[in-house]
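Here is a friendly walk through one model, written for someone who likes to know the cut-offs behind each term. Have the viewer open as you read.

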Amino acid sequence: MVQDELRRFDRTLAILVLLQSKKLVKAQFLSERFGVSLRTIYRDIRSLEAAGVPILGEAGAGYSIMEGYRLPPVMFTREEAGSFVAAEKLMQQFTDAGLGAYFTSAMNKIKSVLKGQEKDWVTALENQVWAAPGRGQLFKKEITHALPILFNSIALKKQVHLTYRAFTSAEPQNRHIEPVGVFYENDHWYLYGFCHLRNDYRQFRTDRIMAIKPTDLPFTKTHGNINDYRKENTDCAKTRVVITVEKEVVRYIGEGKKYYGFVSEEEKENRVEMVFLTPNPMEGLARWFMMFGDQARVVEPESFRLKVKELAEKTRANVCS
């Protein structure tokens, strides 16, 4: 019974924290989040109301806390504070200077509400946690506030102006973009958004952005979730590629294969057969194959064999010229 009451207390407190952190929270979301029935959630909400928390409920919409009502800062456990130390190290390496400065400011506020022992515990960790820089550059060093600009653009639904140099373009182009989201994939950061120049959704390597600035131009469309768009891209037409690699080389390939549609592998005598489902065109997988191509063979399809051959001939011409 005591354990049940403690779990209920922890859950009710967590619900209060969620209500303070979001504008609107649905009962179904809370039910799934805490693994309890809707009836239990309704009871927890009534308990908060009985404790004097002014909760507004809208049928079919969800719950919110009355505007202007705020409790004092919630105390963090030292384990929670420790998770912020790891996050801070990652933020220093994987964000731009602008967002990094904001996160440092937020960390100082978090530390200010910690108790003395917890502060000492966090301080002891700070110099013992380190994160190596990501291999993919986020933004050019001279662009220091790109992420805050993009986040503000998404939240306020205002377009941004980019000066962008595509891989295939000799000169940078000016584009008005309606940002949908930012994501990290294949060792690079990408901005995904609606491009007015192309009149279509596009993704942009953030390290190819030469300049970025906010505008007062409103979005012209209602955009969905970034993961929905990325799933659509994942569902595009793909080609089945089969290669074989010498056994002793496989361990050096590491995690790289997963970025190119790796499906499965099977040992066959002294070689390993690998199967990929790779998006068209097959440029990325072909260039990755070239890294160990002297100890690998293409089984199928012929189009992939020809692509690798084309890259090999260009490489040979460049080396011999």
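## Helix 7 and the residue after it

In helix 7 (residues 146-156), the buried residues are A146, L147, P148, I149, L150 and S153. Buried stands for under 20% relative accessible area, exposed for over 50%, and partly exposed for what lies in between, using a 1.4 Å probe and protein chains only. Helices (H or I, at least four residues) and strands (E, at least two) are DSSP runs, numbered from the N terminus. An α-helix has 3.6 residues a turn, so residues three or four places apart point the same way.

This is a predicted model, in which local features need pLDDT of at least 70 and side-chain atom pairs count only at pLDDT 80 or more, while totals for chains, interfaces and linings use all residues. Residues are numbered from 1 along each chain as its sequence is written, and side-chain values use heavy atoms, with hydrogens and water left out.

## Backbone details to look up

K157 comes after helix 7 and sits in the loop between helix 7 and strand 3 (158-164). The phi of K157 is positive, near 60°, in a residue other than glycine.

N199 also has a positive phi, near 55°, and is again a residue other than glycine. Look for N199 in the loop between strand 5 (188-195) and strand 6 (200-205); with 59% relative accessibility, N199 counts as exposed. For a cis peptide bond, go to the link from E300 to P301, where omega is near -5°. P301 belongs to the loop between strand 11 (296-300) and helix 11 (302-320).

## Two helix pairs

Where do helix 10 (residues 283-290) and helix 11 meet, and at what angle do they cross? Their axes come within 9 Å and cross at roughly 60°; axes here are lines fitted to C-alpha atoms, for helices over the stretch in contact, with angles from 0 to 180 degrees between N-to-C directions. Helix 10 and helix 11 are therefore oblique to each other, since angles under 35 degrees count as roughly parallel, over 145 as roughly antiparallel, 65 to 115 as roughly perpendicular and the rest as oblique. The contact (heavy atoms within 4.5 Å) involves E283, L285, A286, R287, F289 and M290 of helix 10, together with F304, K307, V308, L311, A312 and T315 of helix 11. These residues divide into eight nonpolar, one polar and three charged, where Ala, Val, Leu, Ile, Met, Phe, Trp, Tyr, Cys and Pro count as nonpolar, Asp, Glu, Lys and Arg as charged, and the others, Gly among them, as polar.

The axes of helix 2 (residues 27-34) and helix 3 (residues 38-50) also come within 9 Å, crossing at roughly 105°. That makes helix 2 roughly perpendicular to helix 3. On the helix 2 side the contact uses A27, Q28, L30 and S31, which meet L38, I41 and Y42 of helix 3. Five of the contact residues are nonpolar, two are polar and none is charged.

## Y260 and its contacts

Y260 lies in the loop between helix 9 (247-253) and strand 9 (262-268) and is partly exposed, with a relative accessible area of 24%. Leaving aside residues up to four places away in sequence, Y260 touches F276, L277, T278, G284, L285 and W288.

## Cysteines

How many disulfides are there? Counting a disulfide as a pair of cysteine sulfur atoms within 2.5 Å, the answer is zero. C195 is buried at 0% relative accessibility, whereas C320 is exposed at 57%.
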